[in-house]
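Here are my notes for your first look at this structure. Have the sequence and the 3D view open while you read.

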Amino acid sequence: MSSYFRIDPELFTLKTLLPFPAKAATLPFSCPSSLFALLLACIIAGFPGFAGAEPQQPLRVGSEIGFLPYADIDDQGRATGFAVELFEAVAATMDIPISFHPGRWDTVWQGLKTGKVYALPLVAHMPEREGEVEFTEPHTIGYDSFFVRKGRNPIKFIEQARGLNIIVVRADAAHDALRSRGFDQQLVLVDNLADGFRLLASGQHDALLAPQLQGNQLRHRIGLESIIVPGPLLKEYRREFCFAVRKGNTELRDRLNQGLAIVKANGEYDRLYRKWLGIYEIPTFPVTYLAWGISAALGLLALMGLWTWQLRRQVALRTAELNQAYKSVQAERRRLYDVLQALPVYVVLLSKDYRVIFANRFFEQRYGKAQGRRCYKYLFNRNEPCEVCDTFKVFQTGAPLDWRWSGPDGRDYEIHDFPFADTDGSPMIMEVGIDITEMKRAKQALHEANALLEQRVAERTTELEKARHEAEQTRDLLETVVNHLPAAISILRASDLRVLLVNPEYQRIAPEKEMVGKRIQEVWPEVPNLENIFRNVADSGKPFSAIDQPYQIRRSENGPVEEAYFSWSLYRIRLPENGEWGLLNTAWETTERWKVDEALRQSEYRLRRFYDSGLLGVIYWNVDGCIVDANDKFLEMVGYDREDLIAGRLDWRGLTPPEYRHLDNRTLRELTNSGVNTAPFEKEYIRKDGTHLPVIVAGALLDDEHFNGVAFVLDITERKQAEEELLRLNMELEQRVLQRTAELRRNEAQLQASLNEKEVLLKEIHHRVKNNLQIIASLLQLQSAAQTDPGIQELFLDSRRRIRSMALIHEQLYKSRDLKTIDFADYVAQLVSHLHRSFAHTVPPVTVRLDILPFTQDIDAALPLGLIVNELVSNSFKHAFPPLSSSEKREIWVTLAQEAADGLTLEVGDTGCGFPEALDLDHSPSLGLQLVQSLVLQLHGRLTVERRQGAVFRILIPEEKVFSG
């Protein structure tokens, strides 16, 4: 609902809501529960006059700790303060049960925005917060001041504080006000005002911005009035303190506004104000005593007049309140009636005698006007109640009932029946019906669609299983073919040319039998330039082939070197296991074939046997393009018969596709020029049916006139098919590699985001550690102020200096980029500068000289080095230059240089009075010197001391302790 209705049960009843008499009737239907109907019923039943409301759950209210007199906790941990008691008074007025949950300001403020609490009693209304919560009207106005240490000039306006270090409470209105004006870099955040005042009192920062009222009370309570003073009130912004609720909860906001107005009118607000805030107002002496005098003088005379006036005023106020309440009731009743009429569900009220007392527009548009008729007559035109009616079981059980019902028009409804009593106590039933006809139809359609989808999934699963089985069969067939091919096949890794796989034929012809894992040159050691050929194909991706190439090989480990002929090819492929480049080497030894060819040129008989053997296609041709003769194998390959050959229909130029004719012309020129056979080359022939036949052709001349020749044709269709299959597999493998690469990049982006989050967390940790160390130093300063013994005060001061050196480490880490190392030169410069300032008022003027080698250092080595520098420099300031010293040159120096190859040399010295001769450094009573020796041992270093004019400490740090230089 868009607004909250609060109606007096005595003024708002069922009879006044409905525009007709409250008579009894009953409908014969119920239905199962649903979330929407239950919610609707709860909304309607929640209005007084419909039914008794269920007990409300207490409203979770947050409360700030440490902000007296507005909000704090008592000794039992319960919320207390002006704003807390004011919120309790408003909640009691509006009948809102509440429970307080105190916590730090930033915690309860974040809890309100995230929904862990539903209201806060004290929030400053600022424009930048309007988009986060809902604010009531202001209940208190407050102003802020800049608090400074006594002796400093007051800060009168905000711009005067620019450039200073300002302490504010985290997420407080002061924090937001300064941040909106660009003060981010100079703000020091604390969790509560008490910590802020202690930090300011310790001398660490310049000022603290807080409400003047709370600040004055707090500095009085913790005993800092003599140290910290407030400045004038700031007129540049003020705190309008309001109640705040979750964003969008306008109903609760309006109720709190209404209750706040009532509390202000009945005097409860004034009582709470005097109790908590009145003691902090400056009394007006003359007016107060004058009022007492007038009251004493005229009290008896004005008593009757005041009583009469008060009585008349109360009557007038009560009359006005009743008139206003009556108007509100009428408006709310009209609004509720309009809501019931506009609902997209039907709502009816039934009496015990089956009469329909009320039906909303949704119901009457479907079934006509009710007019107080009985339900069985109204809906079914019956003269007696229905035999089965679940609705009126509510009268028997007194409990809500959910069921389903089909109306006279065939529409299906989900019914929710709720019992309640009318204003005269008579029992009634409120029935809410939700039309679920379309929902049932949608469910049925969804069920049918799911069944169809499951059927399709099953069919698709069967198809995929069939395809997988066929793929496995194809793979097995391909493996069988490769293992039984007369060609030798091997696969190598392109990166190092090592053999990964060989087939039986390759093992037969290779001299090395155990080839897997060996480099190609180790397998064929007698073949020159072989590794370069393989490397060129691996790098360029261009295939390589050789036909009938002579090689000097050794067939066995100790066998003789002999000449052998091979035809082989080499291709670059993708390996399926890991996506690397590999090499496919196919080869067959042609030594025997070459010997046969030689023999055929010498013997016609041998040539004819080979010609008729059918191993290769053989043709006899002439330079005019005519095929004079051909064996049956060739005719079978090109699809022609012997009659076509005799008729002269076979022409080797006509059988060659245009794109391969340049190879024939080149081969013919080579044969004409050399008169010998040429190396085999690949080409295609056009078969009689128009299809293309891939072949390997080798030719030779048969006469000295270069007119006739012979050619041998090898059908390489199966090899081409295998190459195409390998190419397809290669493309699939490349696609999988691309997909995997994309996944790795997404994972890398996620890891980078996680790393960035961890870096932010580490920076926050170093920042928190630095702040905590500063607080410890401040506490030591406060504790030392309470000591009268100078020796004890000096011990506290030494401890503060050591903590300062450690805090400076974490401050450097917070500012560094890699969060592991710091700029050690910058760190030493800041540390010595701080020590110089701290001793400036206690020792004569001293010159400090620094010469630090620029380098970075991790925290494990930087911390002990910093403590060593702190102790030695502090020792020089305290003891090297007594007040009566006559030394004209007062100098302290710190140097760090790489004087040796095995590490760094840190030197700290002064021109002071030096060490007493009787002082034994190894058994020194000084805690500082003992600490220096312990830290040097921790760094595995070596300490030497020179007793010349002044004192010089030299420390050699080994190389392994130096992080980077």
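1. First, a term: a salt bridge here is a side-chain nitrogen of Lys or Arg within 4 Å of a carboxyl oxygen of Asp or Glu. With that in hand, look for R366, R411, D435, E438 and R441, which are linked in a network of such bridges. The structure holds 52 salt bridges.

2. Some ground rules. This is a predicted model, where local features need pLDDT of at least 70 and side-chain atom pairs count only at pLDDT 80 or more, while totals for chains, interfaces and linings use all residues. Residues are numbered from 1 along each chain as its sequence is written, and side-chain values use heavy atoms, with hydrogens and water left out.

3. How far does the predictor trust the model? pLDDT is its confidence in each residue, from 0 to 100. The chain averages 79, and 81% of the residues score at least 70. (Helices, H or I of at least four residues, and strands, E of at least two, are DSSP runs numbered from the N terminus.)

4. Two stretches call for care. Over residues 1-39 pLDDT stays under 50, and the model has 150 contacts there beyond four places in sequence; a contact means heavy atoms within 4.5 Å. Residues 282-287 also stay under 50, but with zero contacts beyond four places in sequence.

5. Now the overall build. The chain has 27 helices and 34 strands. Of its 965 residues, 41% count as buried, where buried means under 20% relative accessible area, exposed over 50%, and partly exposed in between (1.4 Å probe, protein chains only). Of the contacts with a separation of 6 or more, 62% are between residues 24 or more positions apart.

6. What sits inside? The largest nonpolar core has 67 residues, and F146, I166 and L209 touch the most other members. Helix α3 (residues 82-93) supplies the largest share of this core, with eight residues. Another core lies apart from it, with 41 residues, including L831, I892, F915 and L929. By nonpolar core I mean a set of buried Ala, Val, Leu, Ile, Met, Phe, Trp, Tyr and Cys residues joined through side-chain atoms within 4.5 Å.

7. Leaving aside residues up to four places away in sequence, its contacts include F146, I166, A174, L178 and Y237.

8. Is helix α5 (residues 173-180) mostly covered or mostly open? Six of its eight residues are buried, so to speak the covered majority. They are A173, A174, H175, D176, A177 and L178. Their cover includes β5 (119-124), β7 (140-149) and β12 (238-246). After α5 comes G182, with a positive phi near 85 degrees.

9. Back to salt bridges, at the other end of the numbering. E907 pairs with R954, the closest N and O atoms being 2.6 Å apart. E907 lies in strand β32 (residues 903-910) and R954 in strand β34 (residues 951-958), so the pair ties together parts that are 47 residues apart in sequence. E907 is buried, at 13% relative accessible area, whereas R954 is partly exposed, at 24%. R954 also meets E946 in a salt bridge (2.7 Å, N to O), and E946 is partly exposed at 27%.

10. A few backbone spots are worth a second look. Most residues other than glycine have a negative phi, and most peptide bonds are trans. The bond from L68 to P69, though, is cis, with omega near 5 degrees; P69 is in the loop between β1 (59-64) and β2 (72-73). Y354 has a positive phi near 75 degrees and sits in the loop between β13 (346-351) and β14 (356-359). N381 has a positive phi too, about 55 degrees, in the loop between α12 (375-380) and α13 (393-397). Y354 is partly exposed at 25% relative accessible area, while N381 is exposed at 58%.

Key
pLDDT = per-residue confidence, 0-100.
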